[in-house]
Amino acid sequence: MRILILIILAAITASCASRLASRSSDDTLQMIEGTVSTEDGSAVKNAVIFVDGYPTAARSNSHGYFNLGIKHDADTVAVYSEAHGSEKTAYSGQDNINFTLAGSFNANLTIPDEDEELVDIGYGKTSRRNLTTTVGSVS
């Protein structure tokens, strides 16, 4: 009986280990970087970077440079600047994306309300008001 239980436990452990290994390889992020500039070549500071239409924590610095990690299955990367417009491009695994903003807002982006705080829940993002549990914050 003990041998049967040990065999079952070994099979369960092997199954869980293989699932965790495949899951961790799917969760790896692709690091991308790039610049955000205007048509005249000047850097755009504090532009928000969007992935698949939703904002990320990444912003362009004073030189227009940004970098972030995104999932391999992302479809689009976009940038938004209140003063200079928005631009969107298809993502196909490249590690460098440069944006030139022309002053037009031609990317459909989901910009959360000032009151709506998005919370990363591990497998996606949701509004804080949609949660049924307490949430802590780390700055």
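**Figure 1. Helix and strands of the protein chain.** The protein chain holds one helix and nine strands, where helices (H or I, at least four residues) and strands (E, at least two) are DSSP runs numbered from the N terminus. Read from the N terminus on, the elements follow the order α-β-β-β-β-β-β-β-β-β. This is a predicted model, in which local features need pLDDT of at least 70 and side-chain atom pairs count only at pLDDT 80 or more, whereas totals for chains, interfaces and linings use all residues. Residues are numbered from 1 along each chain as its sequence is written, and side-chain values use heavy atoms, with hydrogens and water left out. Of the 139 residues in the protein chain, 27% are buried; buried means under 20% relative accessible area, exposed over 50%, and partly exposed in between (1.4 Å probe, protein chains only). The accessible surface comes to about 9700 Å², and 52% of this surface belongs to carbon and sulfur atoms, with areas taken from the Shrake-Rupley method with a 1.4 Å probe and, for residues, only the protein chains shown counted as cover. Among contacts between residues at least 6 apart in sequence, 45% join residues at least 24 apart, a contact being heavy atoms within 4.5 Å.

Figure 2. Three strands in the order 4-1-7 form an open sheet with mixed pairing, and two strands are said to pair if DSSP finds at least two bridges between them. Its edge strands, strand 4 (65–71) and strand 7 (99–101), each pair on one side only. On average, and with direction ignored, neighbouring strands of this sheet are turned by 30° against each other; the axes are lines fitted to C-alpha atoms, for helices over the stretch in contact, and angles run from 0 to 180 degrees between N-to-C directions. Strand 1 (residues 29–38) runs antiparallel to strand 4 and is joined to strand 4 by seven bridges, and the bridge partners in strand 4 include Leu68 for Ile32 and Ile70 for Gln30. Strand 1 and strand 7, by contrast, pair in the parallel sense over three bridges.

**Figure 3. Thr38 in strand 1.** Thr38 has its place in strand 1 and stands opposite Leu101 in strand 7. Thr38 counts as buried because its relative accessible area is 9%. The side chains of Thr38 and Asp40 make a polar contact at 2.3 Å, a polar contact being a pair of N or O atoms within 3.5 Å; within protein, one must be able to donate a hydrogen and the other to accept it, and residues adjacent in sequence count only if both atoms are side-chain atoms. When neighbours within four places in sequence are left aside, Thr38 is in contact with Val44, His84, Thr100 and Leu101.

**Figure 4. The hairpin of strands 5 and 6.** Strand 5 (residues 76–81) and strand 6 (residues 85–90) pair in the antiparallel sense over six bridges, and a hairpin joins strand 5 to strand 6 through three residues. Ala78 stands opposite Lys88 in strand 6.

**Figure 5. The largest nonpolar core.** A nonpolar core is a set of buried Ala, Val, Leu, Ile, Met, Phe, Trp, Tyr and Cys residues joined through side-chain atoms within 4.5 Å. The largest such core has 17 residues, of which Ile32, Val36, Ile49, Leu68, Ile70 and Val77 touch the most other members. At least two residues of this core come from each of strand 1, strand 2 (48–51), strand 4, strand 5 and strand 7, and strand 4 supplies the largest share, three residues. Not counting residues up to four places away in sequence, Ile70 touches Leu29, Gln30, Ile32, Val51, Val77 and Tyr91.

Figure 6. Ser60 is found in the loop between strand 3 (54–59) and strand 4, and Ser60 counts as buried because its relative accessibility is 2%. A polar atom of the Ser60 side chain lies 2.7 Å from the backbone oxygen of Val44. Residues up to four places away in sequence not being counted, Ser60 touches Val36, Val44, Lys45, Asn46, Ala47, Tyr65 and Phe66. Asn46 lies in the loop between strand 1 and strand 2, and its phi, near 65°, is a positive value in a residue other than glycine. Most residues other than glycine have a negative phi. Asp52, in the loop between strand 2 and strand 3, has a positive phi of about 55° although Asp52 is not a glycine, and counts as partly exposed at 34% relative accessibility.
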